[in-house]
Each structure stands twice: as structure tokens, then as C-alpha cells.
Amino acid sequence: MDDHIQQAWQFYRKLGSPKFICAPMVDQSELAFRMLTRKYGATLAYTPMLHSRIMTESKSYKDEFFTTCPEDRPLFAQLCGHDPQILIKAALMIQDQCDAIDINLGCPQGIARKGLYGAYLLEKREQVLTIVKELKQNINVPVTCKIRVFKDRKKTLDLTKDIQQAGCSILTVHGRTKEQNKDFVGQCDWTIIAEIKQQLQIPVFANGGIYTWSDVERCLQETKVDAVMSSEALLENPGLFSGEIKDLNDLAEEYMQFAKQYNARLSEIKGHLFKLLYTGLQIFTDLRSKLGSAKTYDEHLEVVIELKNKRVNVPKEDKLGWYKRYQNFKQPQNNKDKNIQKLENIIQQQDLLLQNNDQKQSE
């Protein structure tokens, strides 16, 4: 085992060998949300993607988009960009406040194509390897990478070997191509992740295809990876890694406490609440409109409290979760309407039970 591989494993073990990871998510994996996921089992979290060029040019960017606290560890800060020197400059600005610098080689969005970063940079093999090498040589914390896969399996396997050789300490693999995005998400390929794990000598994390706790366990078993990373599923259920079914109304209320404590931006708060409260907001559309027009922290909190008071507490198997909708598990409209009716019936039954209990207590 060469020095780099040995150091990579020493680093991973020093972190506590984390297995449950909160993914980097623009405007969504901010400090308040990270702290909520840590409370419920996340053992490592990533910052939102930070744009290296903007960070080095704007005095306010870092203060607004990179926030942390002593309890927010271990923490990987993710940077995007294609210029090694700019990436180094940005990394030096934050390396003392995180445990590693992660290079975004997985973003599939159109803006990444324009900026030549994320999954679009993967096509520039030599440039990717230069970035990894240069960062490793010029910063004081390990360098990690998060990638998507190519349609060509051999091309994917060859590149991951090269990235490891260039100095990457941990590789996260999203088992989808950059073309599998938005309306064309499709299934995540865990088999390619398993092949990469078998081939590489550094720790490997799996990303994609996670919705429930059983998915987490199955992914670990089928791919043999060292950790599982979740993004969209965590947005709907920040308690995912607890292995328990949590009341999303309670989680939303807890998120608001963290949001106040850590000064989350209103755009972050609104985005989280729409996902956390998705089920109830489909029924109580007046509150959905109220949340959409909320302009202050208190107005957002009012919606959370009002919805909780309506006793929306739907069993997991009956829940029309935001992530299932996002993942294209779409049902015909007539079935969807039946499910909405089913949800309303469950809530009415709960209300009757509560009323009966109240009457018994008063007697």
C-alpha cells in the first residue's frame, strides 16, 4: 500500500469512519440543515457547492454562503471550477474551517456546462487530474472528489483509477450519467459503483437511488462502499439516517429552531419547508399559498405551526413524498386523487380519535 492510499485511510478513520453522509446541495445543505441531519444520524456533511471564482472575487460571498460552527464537524467544503489556481486560492480561504476540500465533478445542470465544471469537466480528463494534483500539493487538508459516471463503463473505471492516482483521498460516485437529470432521472446504477469500489484502494461513497433506510442498508450491502450519501431523500426526511420514521411536522419545527439559531437565509427556509411539508401542503392549499408568499422568518414559522395543528401525521406507506414525486414515480391523475382522498380520510379519523379522547378525559 503506497503512502497516499495509507494516508487516505488514516484520514477516513480519523473522521470516525463516517457511513451516513449529507450531500452537497446548493441552497439546501446550509449549516442549519446540516445540524438537523447530524442530530438524526448523519456522520459527515458537505457544504453547498461553492463557486471558486466568485469566492475569490467577492468579499461578501464567503460570509454569506460558507457558514459553520464548532459542532459542524466533520465537514467537507465543496468547490466548483476549472482553473487550478483559482480553486487553490478559494480552498486556502476556507481550509482551516473544514476537514477536506471536495471537487464538484458531478453537477449535471446547464449552468455547469456554461461554467465548465461539475460533470461537464469530467470530459477534460487531463484538466481534472491537474486540478486534483495541484490542490493536493498546495493545501493543508485532503482533496476529495464527487463524480457522475459515463455511459461507457470502461471510461468510468479508467478515470476513477486516474483520479485516485492523482491524489484524491475519498471518491463519491453518483451512479447516474449527467444526461440522467430532471425529467430523465431514471434508475441509479449501483453495479458500476460496486465495480469502482472493488477496483479502487481509497474509501468510496455511493450516491443516488436512496429513499428509505432500507435503501441505505441495501446499498451498503450490494456495493460494499464505505458510506452512503443522500441528497433529495434527506431533503424530504432529514431523519433518514436515524432508521426511524419521523413526523415531518416535528422535523420542520426543529429545522426552524436551527434556522433561527444559525441565521438561515429565507430562500433556504422556504425551500426546505416546501419539501418537508409537501404532503400536508397538497391538502391544505391555503397554507401552501401562504408559505409561498411568506417574507419573514415568523411568517414561515406560522405555516409550520398551523399545519402541525391540523394533525397531518400520515403513515410512511401512505405518504405522497416530495422525493417520490421528483423521482418520477408518477401515478395517473385518478390514482393520485384517490391517494389525496385517502390522506384526507386518515386525517379525519385521527381528528375523531382525538375528539373521543378529549370527551373521555372531560368525563
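Guide: Rings of Phe, Tyr and Trp (its six-membered ring) pair if their centres lie within 6.5 Å. The model here is predicted.

Visitor: How many aromatic pairs does the structure hold, and is the pair of Phe 11 and Phe 76 stacked or edge-to-face?
Guide: The structure holds eight aromatic pairs. For Phe 11 and Phe 76, the ring centres are 5.9 Å apart and the planes stand at 20°. Planes under 30 degrees apart count as stacked. So the pair of Phe 11 and Phe 76 is stacked.

Visitor: How many residues apart in sequence are the parts that this pair ties together?
Guide: Phe 11 belongs to helix H1 (residues 3-14). Phe 76 belongs to strand E4 (residues 75-80). The pair therefore ties together parts whose separation in sequence is 65 residues.

Visitor: Are Phe 11 and Phe 76 buried or exposed?
Guide: Buried means under 20% relative accessible area. Phe 11 has 11%, and Phe 76 has 0%. Phe 11 therefore counts as buried, and Phe 76 is likewise buried.

Visitor: Is Pro 142 buried, partly exposed or exposed?
Guide: Pro 142 sits in the loop between helix H7 (125-138) and strand E6 (143-148). Its relative accessibility is 23%. The cut-offs are under 20% for buried and over 50% for exposed. Pro 142 is therefore partly exposed.

Visitor: How far apart in space are Pro 142 and Phe 76, C-alpha to C-alpha?
Guide: In sequence, Pro 142 and Phe 76 are 66 residues apart. Beyond four places in sequence, Pro 142 is in contact with residues including Phe 11 and Ser 169. From C-alpha to C-alpha, Pro 142 and Phe 76 are separated by 9.6 Å.

Visitor: Which residues touch the most other members of the largest nonpolar core?
Guide: This core has 107 residues. Helix H12 (residues 248-261) gives the most to it, with seven. Touching the most other members are Ile 163, Leu 171 and Tyr 255.

Visitor: Which residue stands opposite Leu 171 in E7?
Guide: Strands E6 and E7 run parallel, joined by four bridges. Leu 171 and Val 173 point one way from E7, Thr 172 and His 174 the other way, and all are buried. Among the contacts of Ile 163 beyond four places in sequence are Cys 145 and Leu 171. Standing opposite Leu 171 is Cys 145.

Visitor: Which side chain does a polar contact of 3.2 Å join to that of His 174?
Guide: His 174 lies in strand E7 (residues 171-174). It is buried, at 9% relative accessible area. Its contacts beyond four places in sequence include Lys 146, Arg 148 and Gly 208. The polar contact of 3.2 Å joins its side chain to that of Asn 207.

Visitor: Which ring does Lys 155 lie over, and at what distance from the ring centre?
Guide: A charge sits over a ring if NZ of Lys or CZ of Arg is within 6 Å of the ring centre and within 35 degrees of the ring normal. Lys 155 lies over the face of Phe 150, with a distance from the ring centre of 4.3 Å.

Visitor: Why is helix H13 largely enclosed by the rest of the structure, and how many of its residues are buried?
Guide: H13 covers residues 266-276. Its buried residues include Glu 268, Lys 270, His 272 and Lys 275.

Definitions and conventions: Residues are numbered from 1 along each chain as its sequence is written. This is a predicted model: local features need pLDDT of at least 70, side-chain atom pairs count only at pLDDT 80 or more; totals for chains, interfaces and linings use all residues. Side-chain values use heavy atoms; hydrogens and water are left out. A nonpolar core is a set of buried Ala, Val, Leu, Ile, Met, Phe, Trp, Tyr and Cys residues joined through side-chain atoms within 4.5 Å. Buried means under 20% relative accessible area, exposed over 50%, partly exposed in between (1.4 Å probe, protein chains only). Helices (H or I, at least four residues) and strands (E, at least two) are DSSP runs, numbered from the N terminus. Contact means heavy atoms within 4.5 Å. Rings of Phe, Tyr and Trp (its six-membered ring) pair if their centres lie within 6.5 Å; planes under 30 degrees apart count as stacked, over 60 as edge-to-face and the rest as tilted. A polar contact is a pair of N or O atoms within 3.5 Å; within protein, one must be able to donate a hydrogen and the other to accept it, and residues adjacent in sequence count only if both atoms are side-chain atoms. Two strands pair if DSSP finds at least two bridges between them.
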